[in-house]
Amino acid sequence: MSTALRSINPRDIDSFLAAHELPGRAGLPRRSPAGMVGNTPVLWIGEPFNPPGRGFWAKLEGTNPGGIKDRAALHMIAAARKRGELAPGSPVIESTSGTLGLGLALAGITYGHPVTLVSDPGMEPLMVHQLRALGAHVEVVTEPHPVGGWQQARRQRVHELLVRTPSAWCPDQYNNPDNADAYAPLALELIVQLGRIDVLVAAVGTGGHSAGIARTLRTFNPELRLVGVDSVNSTVFGQPAGPRLMRGLGSSIHPRNVDHTAFDEVHWVAPGEAVWTCRELARGHYASGGWSVGAVALVGNWLARTQPEHIRIVAIFPDGVHRYWNTVYSDDYCREHGLLHCSPAADPDEIAHPGDYVVERWTRCTNVTVPEGALR
């Protein structure tokens, strides 16, 4: 984050927005597809998903061309070009489960770079076709790494491709601080849209958007509470790694962009609970999304029910529904994986420490520590 942003006075936000050339008002004509990124709407999620008089605000990042990671992809590539790390026309190679891939395809079109994306068999066929249609080359690894799972297998393949292509550059979304810095404008949009924000609820995978948004919001409200939402079978907050159906949150490795010290609490959510929540949101509010949206909304609902009424809660919805037609919204897929009719409990289980036991359903912990494997 820039020094100017760290010291910004809330009264000066309008001049800051203008000086840093953040996206203009929605609806204005654009000369580049990158101009469609940002200024995403905020929607009140109240009844029927939440009890009467209660609710939370959802930042609908699915209204970006590709989703929330359009912001990170454009910023990381622009920053690398500015520093001279990425030469004009040089290839960009990265690992992705999908959403960053869309952002990198957009950034490749915007800045004129060929893009190669390494994924795994869990990537939805629709996403593979879409990425290829956008001009990206997609490689799919066939075996998971014995320790780091599919993520580590993808990263190893990226390394092999980089060795073979010396002129190429990798954004390294897991460890690149530009990933987190990219979300300062999102936080400023929220301040303009809502003013005071007391609680931020964010899914955690690479750790980019949770760290970047919270860090900026705390320049306006140092008392902001950050609630992280993880997947069961994820190592991010100290649980053991295991096979995961959910994509877009959770990890089998320890990204350095996860700012563990910034979190006030963490919730782990199971895939069936996320599916149920996604579908309830779709029925009642039209706006919904994929695994991350379901997990975040489940926690947002609980906070809206249990926190004092004056507390203003914001949940980040990273994407929309379209790529999940054959997973989250497919009865056949959900039946095959035992995900139908998995209505969550009214309250999460509670554990005192992330390592107490392996969680299998929605579970909360207010003692957030840095996992041993993440220490550097």
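**Close-up views of a predicted model**

**View 1. Helices α3 and α4 are oblique to each other.** In this predicted model, the axes of helix α3 (residues 69–83) and helix α4 (residues 99–111) cross at roughly 45°, an angle that is therefore classed as oblique. The two axes come within 7 Å, and α3 passes α4 in a right-handed crossing. On the α3 side, the contact is made by Lys-69, Asp-70, Ala-73, Leu-74, Met-76, Ile-77, Ala-78 and Arg-81. On the α4 side, the contributing residues are Thr-99, Leu-100, Leu-102, Gly-103, Leu-104, Leu-106, Ala-107, Thr-110 and Tyr-111.

**View 2. Thr-116 is a buried residue of strand β4.** Strand β4 spans residues 115–119 and includes Thr-116. The relative accessibility of Thr-116 is 17%; because a residue counts as buried under 20%, Thr-116 is placed in the buried class. When residues up to four places away in sequence are not counted, Thr-116 touches Val-92, Ile-93, Glu-94, His-137 and Leu-161.

**View 3. Strand β7 is paired with strand β6.** Strand β6 (residues 199–203) and β7 run parallel and are joined by five bridges.

**View 4. Strand β7 is largely enclosed by the rest of the structure.** This strand covers residues 225–231. Six of its seven residues are buried, and β7 is therefore described as largely enclosed.

Notes. Residues are numbered from 1 along each chain as its sequence is written. This is a predicted model: local features need pLDDT of at least 70, side-chain atom pairs count only at pLDDT 80 or more; totals for chains, interfaces and linings use all residues. Side-chain values use heavy atoms; hydrogens and water are left out. Axes are lines fitted to C-alpha atoms, for helices over the stretch in contact, and angles run from 0 to 180 degrees between N-to-C directions. Helices (H or I, at least four residues) and strands (E, at least two) are DSSP runs, numbered from the N terminus. Angles under 35 degrees count as roughly parallel, over 145 as roughly antiparallel, 65 to 115 as roughly perpendicular and the rest as oblique. A crossing is left-handed if the near helix is turned anticlockwise from the far one by less than a right angle, and right-handed if clockwise. Contact means heavy atoms within 4.5 Å. Buried means under 20% relative accessible area, exposed over 50%, partly exposed in between (1.4 Å probe, protein chains only). Two strands pair if DSSP finds at least two bridges between them.
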